[in-house]
Amino acid sequence: MVPFLDLQAVNTRFQQEIEDAFERVLSSGMYILGNEVKAFEQEYAAFCKVKHCIGVSDGLNALKLAIQAYHIGKDDEVIVPANTFIASILAISANGALPVLVEPDPDSYHIRASEIEKKITRKTKAIMVVHLYGQIAEMDEILSIAAKYNLIVIEDAAQAHGAYYKGKRAGSLGDSAGFSFYPGKNLGAMGDGGAVTTNNDVLAERLKALRNYGSQIKYENIYKGMNSRLDELQAAVLRIKLKHLDEDNQKRRLVAEFYRKNIDNRQVVLPELYGNDVSRHVWHLFVIRTMDRYKLSKYLRGKGIETLIHYPIPPHKQKAYAEWHDRVYPITEKLHNEVLSLPISPVMSEEQMELVVEAMNAFK
């Protein structure tokens, strides 16, 4: 059996450390915004090489709060990839702003910098860049466009923990970045969790208030905030796993490289690796494309190999955005109709990797 992601195996490697951390939190008597959150924020900021990390309840609220902190709202426009996970879109809509969808590059799956400029209007306030599947987008071109039009750049780095771009970590490339620590992420908690990273001192203070009912001083509310705080238990777990993140990402790279070198099937399109720096991609997902994905998925399931689809329905075809159903984004729609994610994790064995390759090469 080859599970898509064996979370139990991922976490039991640190079982004693996690149990000790839970005992430490229990004994501290501090369960909200205590020492564990403060320590994790410092450690993750140092990891990303930024001045500030603000822990929040989840990845969606990380993006939502980042947008709110810039005072982006009603009638403002935010440019975003058309083929992203819907959370990127929801964060924009939740602030009353208008998501402006841009088609991706069909090979890299990232937002096309050349298409961004065509979508900029006087209402455009920001570009949300999504580092999809764990590979960083072409940031130099995007940052150049943003500077030309005085736009904010927000990274959706929910799948790119630890990835590099020209020597800089995901989370340090734009004006701010949102991370998710959902259990299946490269840096995953044992429940929901998220964070915003930034070098902007004023933004950081605003975010700290916004996540805590809009309050910087107890019971004195200066913003219309929300309750969106990273809790002490999740922060304690993340501190343990952060120490092993680079090592775990390297194992993912080894799995991905094994797949890319050994899967040989003309019916399958393998993911590209862009740039000379292999550390640019942390392979949160290993996403192939095929015209027969349901047939392939069923075939692999019969071989004991679990796959998932990230994501079967593009945002503009979701019921939540029924007002967009008449729109056509051909590249996005083609990708969403063909993508299939193979098993990849830091705890995969060589035998499991070989089983996946053997089955993929035998598929007809």
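1. Basis. This is a predicted model, in which local features need pLDDT of at least 70, side-chain atom pairs count only at pLDDT 80 or more, and totals for chains, interfaces and linings use all residues. Residues are numbered from 1 along each chain as its sequence is written, and side-chain values use heavy atoms, with hydrogens and water left out.

2. Seven strands make an open sheet with mixed pairing, in the order 1-9-8-5-4-2-3. Strands (E, at least two residues) and helices (H or I, at least four residues) are DSSP runs, numbered from the N terminus. Two strands pair if DSSP finds at least two bridges between them. Strand 1 and strand 3 (98–102) are the edges, each pairing on one side only. On average, neighbouring strands of this sheet are turned by 25° against each other, direction ignored. Axes here are lines fitted to C-alpha atoms, for helices over the stretch in contact, and angles run from 0 to 180 degrees between N-to-C directions.

3. Strand 9 and its partners. Strand 1 (residues 52–56) runs antiparallel to strand 9, joined by five bridges, and Gly55 stands opposite Ala195 in strand 9. Strand 8 (residues 176–180) also pairs with strand 9 in the antiparallel sense, over five bridges; there, Ser180 stands opposite Gly194. Strand 8 pairs with strand 5 (residues 152–156) in the parallel sense over three bridges, and Ile154 stands opposite Ser176 in strand 8.

4. Burial of strand 9. Why is strand 9 largely enclosed by the rest of the structure? Five of the five residues of this strand (residues 194–198) are buried, so strand 9 is largely enclosed. Buried means under 20% relative accessible area, exposed over 50%, and partly exposed in between (1.4 Å probe, protein chains only). Both faces are covered, with Gly194, Val196 and Thr198 on one side and Ala195 and Thr197 on the other. Helix 3 (residues 35–48) lies across strand 1, strand 8 and strand 9, at about 130° to strand 1.

5. Helix 2 with helix 9. Helix 2 (residues 15–28) and helix 9 (residues 232–242) pack at an angle of about 145°, with axes 9 Å apart. In helix 2, the residues that meet helix 9 include Ile18, Phe22 and Val25, and those on the helix 9 side include Leu233, Val237 and Ile240. Contact means heavy atoms within 4.5 Å. The residues of this contact divide into eight nonpolar, no polar and four charged. Ala, Val, Leu, Ile, Met, Phe, Trp, Tyr, Cys and Pro count as nonpolar, Asp, Glu, Lys and Arg as charged, and the others, Gly among them, as polar.

6. Helix 4 with helix 5. The axes of helix 4 (residues 59–69) and helix 5 (residues 86–93) come within 8 Å and cross at roughly 35°. Leu60, Leu63, Lys64 and Ile67 in helix 4 meet Ala87, Ser88, Leu90, Ala91 and Ile92 in helix 5. These residues divide into seven nonpolar, one polar and one charged.

7. His336. This residue lies in helix 12 (residues 330–338). Is His336 buried or exposed? At 3% relative accessibility, His336 counts as buried. Not counting residues up to four places away in sequence, His336 touches Asn83, Arg293, Tyr311, Pro312, Ile313, Pro314 and Pro315.

8. Lys119. Lys119 is in helix 6 (residues 113–119) and counts as partly exposed at 33% relative accessibility. Lys119 and Val102 are 17 residues apart in sequence and 7.7 Å apart in space, C-alpha to C-alpha.
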